[in-house]
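Subject: Structure handover

Hello,

Here is the structure you asked about, with the sequence. My notes on it follow below.

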Amino acid sequence: MGRRSLLLLLLAFLTPGAAIPVPPALRALSSLHLSTSFRSRPAVAMKYSIHYIQQKVDHFGFHTDKTFKQRYLIADKHWKEDGGSILFYTGNEGDIIWFCNNTGFMWDMAEELKAMLVFAEHRYYGESLPFGANSFKDSRHLNFLTTEQALADFAKLIKYLKRTIPGARNQPVIALGGSYGGMLAAWFRMKYPHLVVGALASSAPIWQFENMVPCGVFMKIVTTDFRKSGPNCSESIRRSWDAISRLTEKGTGLHWLSEALHLCTPLTESQDVQRLKDWISETWVNLAMVDYPYESNFLQPLPAWPIKVVCQYLKNPNVSDTWLLQNIFQALNVYYNYSGQARCLNISETATSSLGALGWSYQTCTEMVMPFCSNGIDDMFEPHSWNFKEFSDDCFKQWGVKPRPSWIPTMYGGKNISSHTNIIFSNGEIDPWSGGGVTKDITDTLLAIVIPEGAHHLDLRASNAFDPITVLLARSLEVRHMKQWIKDFYIWCGEG
């Protein structure tokens with residue numbers, strides 16, 4: 001797929017071989033003593049029941065009545081029929097159990113909000129496959145993988161739950177989601193305001209589309225994260241691209257680089273060099289997204305503040321090409337081998353297999369067309385312009401479809417969303433996706449919360465002793481607004 005792989009940012013099985021060095025852990029974490037409900041607490045036991053609902057494959061046509069089973073999870077330990085609420089997670093591009101286990105904020109707040117937790121799986125991901133094993137066969141089978149159809153699934157599911165669960169009918173529902181799921185949460189409130197009283201859209205880049213933000217803003221934020229995490233760190237990465245090119249121009253360069261980087265599959269052809277560079281670029285991007293203040297296991301097992309650990313190996317850009325690439329290996333090894341289990345590095349994968357790479361690849365080729373570019377000056381990446389024709393041709397070659405870059409702004413309003421209400425847009429300041437997010441209040445009910453020291457949807461993760469105070473304050477503010485939405489609902493219903 002070439003450079004389009006950078007669009008698959010949210011998307012390792014490693015083959016046996018000689019063991020490679022384990023990167024040292026860095027645990028430079030400060031104590032936190034705060035009198036707040038979000039202070040460190042014992043881990044919440046995530047006990048849920050698994051359910052399925054029959055959904056129409058096509059909610060908007062009348063040609064077929066074909067259905068499929070959509071999976072969803074329910075946790076109702078703290079739910080109360082009297083004055084309770086329903087927190088509804090709008091599923092992302094992956095297995096819903098994985099997202100459920102990485103959205104501890106909902107579990108932390110369930111008792112305080114007397115909430116039933118519902119995690120809805122997105123069609124074409126996890127077990128929710130409209131055509132079973134044939135779901136990704138061709139564009140005809142994939143034709144129903146759209147945000148509109150997914151939102152309709154969520155709407156039908158909420159209606160079904162209210163109809164079938166005693167006590168749920170007259171309770172307020174709040175949509176929550178992170179990243180693509182955060183976009184869906186916001187769009188769900190916009191399109192189905194009669195079903196949800198509000199939405200928390202965390203790290204939701206709803207403006208990362210055609211002509212709404214500069215295409216280079218994403219890579220600039222990634223670069224800033226590395227520049228601030230260690231002296232000369234971003235400059236070392238910037239210089240590594242030419243070093244790779246020079247080394248691979250030599251007769252034994254591909255073999256040397258394969259050995260130096262401990263690659264599972266050796267580089268054998270010139271086109272492998274661009275694949276390698278794309279893989280390394282995506283690794284730096286993923287590190288920027290999950291630069292959490294504590295050890296985590298979201299995309300990969302990682303130490304606290306992983307970019308700082310990476311940058312320990314990239315302090316000197318003024319070394320020979322071979323030395324620089326050996327340092328790059330040590331940095332990559334932090335991301336791919338923090339657990340010490342890796343025998344080699346696999347350039348075909350950069351994240352957990354719980355994410356649905358195939359489905360997301362199709363979505364980026366149809367509706368989710370998000371322009372990215374870099375210039376090598378304001379960022380640490382090789383220059384790469386946004387070429388829609390090249391991108392479109394690549395999509396047609398892979399999926400037999402042509403992308404529609406204007407459709408999402410047309411469907412959901414782009415920046416003209418001030419007529420909507422009760423949406424919180426939260427963004428971490430160090431998250432590269434914040435460049436396409438809402439970072440300033442639009443109205444008094446379309447609110448932006450910016451979290452300094454916050455990486456990708458840090459606020460949706462479980463409370464942790466090492467959370468920065470900024471995310472504790474953000475969560476407190478989010479809960480305050482959710483409580484107000486719930487209160488307003490019951491007042492409006494005459495029950496307050």
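In this predicted model, the charged end of Arg461 sits over the ring of Tyr292, at 4.4 Å from the ring centre. Tyr292 also has an aromatic partner: its ring and that of Tyr294 have centres 6.1 Å apart and planes at 15 degrees, so the pair is stacked. Both Tyr292 and Tyr294 are buried.

Aromatic pairs

The structure holds 24 aromatic pairs. Such a pair is described by how far apart the ring centres are and by the angle between the planes. For Phe131 and Phe144 the centres are 6.2 Å apart and the planes stand at 40 degrees, so this pair is tilted. Phe131 belongs to the loop between strand 4 (115-120) and helix 3 (139-142), while Phe144 belongs to the loop between helix 3 and helix 4 (147-164), so the pair ties together parts that are 13 residues apart in sequence. Phe144 counts as buried because its relative accessibility is 15%, and the cut-off for buried is under 20%. There is also an aromatic cluster, formed by Tyr89, Trp98, Phe99, Trp107, Phe119 and Phe298.

Helix 8

Helix 8 covers residues 253-260, and its buried residues are Gly253, Leu254, Leu257, Ser258 and Ala260. Why do they lie on the same side of helix 8? Around the axis they cover an arc of only 170 degrees, which puts them there. His255 and Glu259, on the other side of helix 8, are exposed. The packing partners of the buried residues are helix 7 (233-248), helix 9 (271-289) and helix 11 (321-336). After helix 8 comes His262, which has a positive phi, near 55 degrees.

Confidence

The mean pLDDT of the chain is 90, and 90% of the residues reach 70 or more. Residues 1-42 have a pLDDT below 50, and in the model this stretch has 134 contacts beyond near neighbours in sequence.

If you want to look at one place in the viewer, start with Tyr292, which has the charged end of Arg461 over its ring and is stacked with Tyr294.

Regards

Technical notes: Residues numbered from 1 in each chain as written. Predicted model: local features only at pLDDT ≥ 70, side-chain atom pairs only at ≥ 80, totals over all residues. Heavy atoms only, no water. pLDDT = per-residue confidence, 0-100. Contact = heavy atoms within 4.5 Å. Buried < 20%, exposed > 50% of the residue type's maximum accessible area, 1.4 Å probe, protein only. Helix = DSSP H or I, 4+ residues; strand = E, 2+ residues; numbered from the N terminus. Arc of directions from axis to C-beta. Phe/Tyr/Trp six-rings, centres within 6.5 Å; stacked < 30°, edge-to-face > 60°. Lys NZ or Arg CZ within 6 Å of the ring centre and 35° of its normal.
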